Amino acid sequence: ITPVTGWRLVKSWRIDEFLPAAKGVYLEIEKNLGISVWKDAQVVKAIKNIEEENHWLWRAGQEDYAGFCSSTLSYSNTDRNHSGVPGLQPFRAFGEIGQAAQVNVPLLIRSLRAFFQKAGLLRTSRFIHADLQIVNDGVVYGGIQAPHIIFCEGVRAAANPFFEGLPFKPDKGELLIARIPGFPFKKIFKNNISLAPLGGDLFWAGATNKWDFDHETPTIAMREKIIRELDSMIDRPYEIVEQQAAVRPTVADRRPLIGLHPAHSALGIFNGFGTKGTSLVPFWADHFIDFLENGAELDAEVDVKRIWKKRNPLKKLTADG
């Protein structure tokens, strides 16, 4: 979770709300499951030239960026071109982004899955959309009757026949796990990619973005791209341990898709969190539950109704019932 992103150093959308909500939820999960998934972190951003330096100092001087962008930059010598940290390549300067975090998502998913399975609350099987029955007071599927079914399908939502035409814009990302023996840097280091410590000598390096792709598996081209970026960031031998790829469920207007179907209010969707699911999902899950259970108003920024108000992608299904 990085609260300030991009070369323009823009605060992530509503991060002041989402960050404390996320931390609270993850810490509660830690307490209940006896695991550790949340880690407060600092991001060290490389400053490459005087333009970036001036922009950083201007941004850091803004009141609402206090605590996010350090008010000073670090320089290690008179010509301002090296970090002083063994193993880092030379850069003009370095700034620190505060209130960042690392979340151990694989451990989180494994632990929650085990918890729900033990409680008898999780079925693992392929979902067949055609087998879903919509009845007067809800839905029926696989012997279960409920007032709502909420589709949380990630990029697979694009093939959901009940929510056809939503403006998903899938974004494929790839990353490398690298072993860097003796590398002393234990903060997240960011230039064009991020380098994040995983413990021991292992580091997470990535991730890339690609909107046009033919498959979801790792590619040589992205491996080479990340290696080039790594070489520009660190001056230390390393070993590539693993390469991973996945597709993010991003949306054209970069806002989540949450809400109920216009023709069948028993059908809901919770999706479209793109690259920021770790920080967004805790807040919006609670918000959606408040909407479903307590009749609270759904935030218009995320309400899926905003899409068909513009061009009604669900017109056919609405008409056919």
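Arg-248 contacts residues from several parts of the chain in this predicted model. Leaving aside neighbours within four places in sequence, its partners include Val-155, Pro-170, Asp-171, Lys-172 and Gly-173. Ala-207, Thr-208, Asn-209, Gly-274 and Thr-275 are also in contact with Arg-248. Arg-248 lies in strand S13, which covers residues 239-248. Buried or exposed? Arg-248 counts as buried, because its relative accessibility is 15% and the cut-off for buried is under 20%. Sequence separation and distance can also be set side by side here: Arg-248 and Ser-265 are 17 residues apart in sequence and 27 Å apart in space, C-alpha to C-alpha.

Glu-52 belongs to helix H2, residues 50-60. Beyond four places in sequence, Glu-52 is in contact with Ala-46 and Ile-47.

On the surface, Phe-115, Phe-116, Leu-121 and Leu-122 form a nonpolar patch. Together they have about 380 Å² of accessible area. Phe-115 sits in helix H3, residues 105-118. Phe-115 is partly exposed, with a relative accessible area of 43%.

Confidence comes next. The chain averages a pLDDT of 92, and 93% of the residues score at least 70. Over residues 77-81, pLDDT stays under 50; the model has nine contacts for them beyond four places in sequence. Residues 313-321 also stay under 50, with 18 such contacts in the model.

Notes
Residues numbered from 1 in each chain as written. Predicted model: local features only at pLDDT ≥ 70, side-chain atom pairs only at ≥ 80, totals over all residues. Heavy atoms only, no water. Helix = DSSP H or I, 4+ residues; strand = E, 2+ residues; numbered from the N terminus. Contact = heavy atoms within 4.5 Å. Patch = residues over 30% accessible without salt bridge, like charges linked within 9 Å, V, L, I, M, F, W, Y side chains within 5 Å. Areas by Shrake-Rupley, 256 points an atom, 1.4 Å probe, with all protein chains shown as cover. Salt bridge = Lys/Arg side-chain N within 4 Å of Asp/Glu carboxyl O. Buried < 20%, exposed > 50% of the residue type's maximum accessible area, 1.4 Å probe, protein only. pLDDT = per-residue confidence, 0-100.
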